[in-house]
Amino acid sequence: MARMLNIALPKGRLGDNVYDMFEKAGFECPSIREKNRKLVFENKEAGVRYFWVKPSDVAIYVERGAADIGVVGKDILMESKPDVYELLDLGTGKCRLAVAAPEGFEDDPEQTLRVATKFTNMTRQFYASTGRDIDIIHLNGSIELAPILGLSDVIVDLVETGKTLKDNHLEVTQIIDYISARLIANKSSFKFQNKQIEKILAALTRELENREETN
Amino acid sequence: MIIEGADLNNREKAMFALRALYSSHGFSLYRMSKFEEFDLYARNRDFMDSASIITFTDTDGMLMALKPDVTLSVVKNNRHIGNNIRKVYYCENIYRVSPKTHYFKEIMQTGLECLGRIDDACICEVLLMAAESLDVLSDSAVLDISNLDILSQIITSCDVSGEVEEQITKCIGEKNLHGLLRICAENGIAGQKRELLKKLITLYGDPEEVIAELEEVLQKYSEDMDEEARIVYNESIRKLKMIVKAFEGTGLEDMLNIDFSVVSDLKYYNGIIFKGFVEGVPDGVLSGGQYDKLMDNMNRNSRAIGFAVYMDALGKLSKFDGEEVVIRG
């Protein structure tokens with residue numbers, strides 16, 4: 001009998017949306033809906049074991065084989081470059097990775113540009129491709145605060161609706177990339193749990209097609 | 001002299017088992033210094049990222065490196081092979097930056113290299129040695145093989161920049177179909193080229209089924225291909241079939257899969273490439289392939305194929321629990 005497939009889901013709204021997709025695709029686990037502090041949920045009949053982890057840790061769990069598959073934002077894949085298969089764009093959690101600056105900001109190319117971000121690798125890569133000299137300021141949260149307090153000239157961050165930027169008198173000046181949630185798989189698990197992973201991949205692909213048809 | 005190996009740990013037992021396997025098949029032990037002139041890596045910086053190498057200055061002022069790789073040294077030290085085949089194996093510690101922790105790491109590695117007039121028989125022998133190595137290490141293993149010439153030919157026919165080539169290769173390696181389709185749309189790659197690239201991602205598994213499906217697709221588009229492409233595809237499939245045939249009756253055939261997501265740098269590797277996995281270990285434990293292009297880059301008038309087994313990745317190697325090792329000398 002095939003062993004249970006370990007699935008790492010990101011805690012929070014994205015994880016809830018993604019679990020709905022797994023459930024509709026036929027891989028439900030009712031206990032996950034119970035209000036408690038459990039982190040691991042199993043459905044032996046469906047052969048799946050879900051666990052909630054911090055969104056930025058999903059790729060590590062999958063790369064290291066603690067999870068066979070998982071769901072993670074493309075931003076995290078681009079930033080940490082884990083050695084995993086990226087099997088499907090789930091089309092949810094959509095946003096943009098963008099440069100934002102105070103309204104009316106004009107970049108002075110004679111000055112080093114101070115950029116606050118938590119995506120240091122992608123930011124370095126983006127500005128290296130444009131040849132712009134920058135000083136990266138790594139922050140872990142409230143990135144929008146940095147230009148307001150004069151800590152940085154601009155920020156690189158995820159922008160969903162743009163409301164937080166607008167409320168803080170910031171505006172998007174450049175889009176670096178479009179982001180959404182991706183289904184990833186551990187490379188070794190893909191070989192040894194292939195039938196189960198292919199089954200989930202096919203079911204989620206069908207579920208996505210159904211959604212597109214409905215919309 | 002007989003040494004009882006009761007105090008050996010499982011990794012050491014596995015190392016001895018692999019050494020015995022390679023020497024019993026006519027491979028000779030290749031010993032090398034831990035140090036190499038840094039210049040070798042600087043000249044082949046695409047093959048080996050020189051930033052990930054530990055360097056030091058020798059007593060005569062020459063910049064040296066703690067060896068981060070075995071293949072380049074083997075090629076460097078085997079200049080005049082002529083029409084012969086040089087078959088060597090090695091058990092060495094190498095030093096490089098771990099891609100996961102970003103710290104320097106000492107990595108125990110064993111493997112083999114064949115240099116010279118590499119023919120079909122030699123390719124099959126190395127593939128079988130790779131499969132036998134996996135069989136020594138675990139009762140449940142997979143050897144994924146690919147023919148890089150197919151991807152190389154499709155990319156050449158797409159006529160795109162080096163940057164786009166790299167993006168396509170990355171998507172194939174990640175089985176990233178949605179990313180590939182986006183690159184195709186952005187770069188005007190359509191029709192048979194797009195369909196063939198898609199197939200390289202979606203085809204996986206049983207060699208005979210994969211080959212049959214690939215042949216079917218190639219047949220469908222054969223009228224749109226030029227003669228050169230047709231020859232490359234036919235030859236690539238012939239080689240894959242040859243390997244499948246070589247595995248028949250060995251007891252190792254169930255281990256073999258075709259997976260075109262096994263990719264390597266197109267500037268150095270060509271033809272058959274492969275990767276080995278054992279159940280319970282999250283990373284590939286064996287990696288290898290033909291590297292005729294590296295031989296060309298180093299002005300060697302011969303061909304080469306080899307593989308490495310990453311002993312550190314192997315975990316507990318429970319297959320060796322309680323196994324006795326006797327070393328005779």
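How many residue pairs are in polar contact between domain 1 of chain B and domain 2 of chain B? The count is five, both residues of each pair being at pLDDT 80 or more; a polar contact is a pair of N or O atoms within 3.5 Å, where within protein one must be able to donate a hydrogen and the other to accept it, and residues adjacent in sequence count only if both atoms are side-chain atoms. The side of domain 1 of chain B that touches domain 2 of chain B draws at least two residues from each of α4 (120-137), β12 (286-290) and β13 (303-310) of chain B, these being DSSP runs (helices H or I, at least four residues; strands E, at least two) numbered from the N terminus. With 11 residues, α4(B) gives the most to that side.

The model is predicted, with local features needing pLDDT of at least 70 and side-chain atom pairs counting only at pLDDT 80 or more, while totals for chains, interfaces and linings use all residues. Residues are numbered from 1 along each chain as its sequence is written, chains are lettered from A and ligands numbered from 1 in the order in which they are written, and side-chain values use heavy atoms, leaving out hydrogens and water.

In chain B, domain 1 covers 1-139 + 280-287 + 297-329 and domain 2 covers 141-278, with bounds from an automatic or database domain assignment. In contact (heavy atoms within 4.5 Å) are 29 residues of domain 1 of chain B and 23 of domain 2 of chain B.

One salt bridge is found across this interface, the term meaning a side-chain nitrogen of Lys or Arg within 4 Å of a carboxyl oxygen of Asp or Glu. The side chains of R238(B) and D120(B) form a salt bridge at 3.0 Å, N to O.
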